[in-house]
Amino acid sequence: MDNYYVLVVDDEKEIRDAIEIYLKNEGITVLKAKDGIEALEILNENQVHLIILDVMMPKLDGISATYKIREKKNIPIIILSAKTEDTDKILGLQVGADDYVTKPFNPMELVARVKSQLRRYVTFGTFEGVKKVIDLNGLMLDKEAKEVSVNGEPVKMTPIEYKIVELLMTNAGRVFSINEIYERVWNEPYYNAENTVAVHIRKIREKIEIDPKNPRYLKVVWGIGYKMEK
């Protein structure tokens with residue numbers, strides 16, 4: 001299930017990391033938050049197709065977060081909680097959750113529920129799909145054709161260069177650290193890969209920027225990473 005982004009929200013790091021492992025094995029990209037406040041911030045800055053949301057969390061609990069999410073978004077929400085009382089399950093569903101899983105949970109069952117909700121969302125929901133063509137002020141990326149162009153002129157890219165551009169353009173405005181870019185594009189743990197990423201960024205700029213030293217599209221955020229300007 002490539003190109004799907006799932007936000008996992010739980011105040012226990014071990015649970016967030018465990019769910020990420022299982023979902024990544026299915027080709028799903030995982031974003032993580034430790035509470036409802038952080039989850040809302042991530043939703044405002046990223047494209048997310050499904051949320052796995054714990055009930056008992058500091059700052060903003062799962063029920064309250066679900067209520068706020070439903071004010072603006074209709075993406076699937078799976079409530080995750082140690083509570084087993086029917087009243088909690090009913091409350092979660094009443095405020096807008098689509099499914100409910102109790103802890104401790106079977107990881108494969110959770111993955112199956114995630115995939116089921118994603119299929120239902122794509123087929124019957126209001127999902128508009130992952131954009132096939134992205135246009136950022138003349139810089140265009142066609143996901144189906146796997147092509148990049150600048151002001152209508154095609155740009156030849158290596159597979160790695162294309163993956164970097166696709167990642168940054170799909171999440172335009174979001175800053176990615178060097179290790180995030182490496183792990184998502186090369187699909188392996190980051191280790192002393194600063195030069196590898198920097199070389200590819202430089203080559204991409206030479207291909208898409210009129211003035212690579214004063215880039216219009218691919219910007220560096222010093223001390224943090226890179227982003228594609230909206």
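## Surface and overall form

The chain has an accessible surface of about 12600 Å², and carbon and sulfur atoms contribute 49% of that area; accessible areas come from the Shrake-Rupley method with a 1.4 Å probe, and for residues only the protein chains shown count as cover. This is a predicted model, in which local features need pLDDT of at least 70 and side-chain atom pairs count only at pLDDT 80 or more, whereas totals for chains, interfaces and linings use all residues. Residues are numbered from 1 along each chain as its sequence is written, and side-chain values use heavy atoms, with hydrogens and water left out.

The secondary structure comprises 8 helices and 11 strands; helices (H or I, at least four residues) and strands (E, at least two) are DSSP runs, numbered from the N terminus. The radius of gyration of the chain is 19 Å, close to the 17 Å that the globule rule gives for 230 residues, so the chain is as compact as a globular protein of that length. The radius is taken over C-alpha atoms, and the globule rule is 2.2 Å times the number of residues to the power 0.38. Along the principal axes, the C-alpha atoms fill a box of roughly 60 × 40 × 30 Å.

## Burial and contacts

Of the 230 residues in the chain, 46% are buried; buried means under 20% relative accessible area, exposed over 50%, and partly exposed in between (1.4 Å probe, protein chains only). Among the contacts with a separation of 6 or more, 56% involve residues 24 or more positions apart, a contact being heavy atoms within 4.5 Å.

Ile181, in helix α7 (residues 178–186), is buried, with a relative accessible area of 0%. Leaving aside residues up to four places away in sequence, Ile181 touches Ile164, Leu167, Phe176, Trp186, Val197 and Tyr226. Val197 is 16 residues from Ile181 in sequence, and their C-alpha atoms are 7.6 Å apart.

## Charges and salt bridges

The chain carries 34 positive and 37 negative side chains, the centres of the two sets lying 3 Å apart. Lys and Arg count as positive and Asp and Glu as negative, while His and the chain ends are not counted; each charge is placed at NZ of Lys, CZ of Arg, CG of Asp or CD of Glu. A salt bridge is a side-chain nitrogen of Lys or Arg within 4 Å of a carboxyl oxygen of Asp or Glu, and by this rule there are 15 salt bridges.

One of them joins the side chains of Asp17 and Lys32 (2.8 Å, N to O). Asp17 lies in helix α1 (residues 13–24) and Lys32 in strand β2 (residues 29–33), so this pair ties together parts that are 15 residues apart in sequence. Salt bridges link Lys13, Asp17, Glu20 and Lys32 in a network, and Lys32 is partly exposed at 30% relative accessibility. Lys34 and Glu38 also meet in a salt bridge (3.1 Å, N to O); Lys34 is partly exposed at 44% relative accessibility, as is Glu38 at 23%. Glu229, partly exposed at 26%, forms a salt bridge with Lys227, with the closest N and O atoms 3.7 Å apart.

## Backbone features in loops

A cis peptide bond, with omega about -5°, joins Lys103 and Pro104. Pro104 lies in the loop between β5 (99–102) and α5 (107–124).

Asn137 is not a glycine, yet it has a positive phi of about 55°. Asn137 sits in the loop between β6 (133–136) and β7 (139–142) and is partly exposed, with a relative accessible area of 49%. Lys146, also a residue other than glycine, has a positive phi near 55° and lies in the loop between β7 and β8 (147–150).
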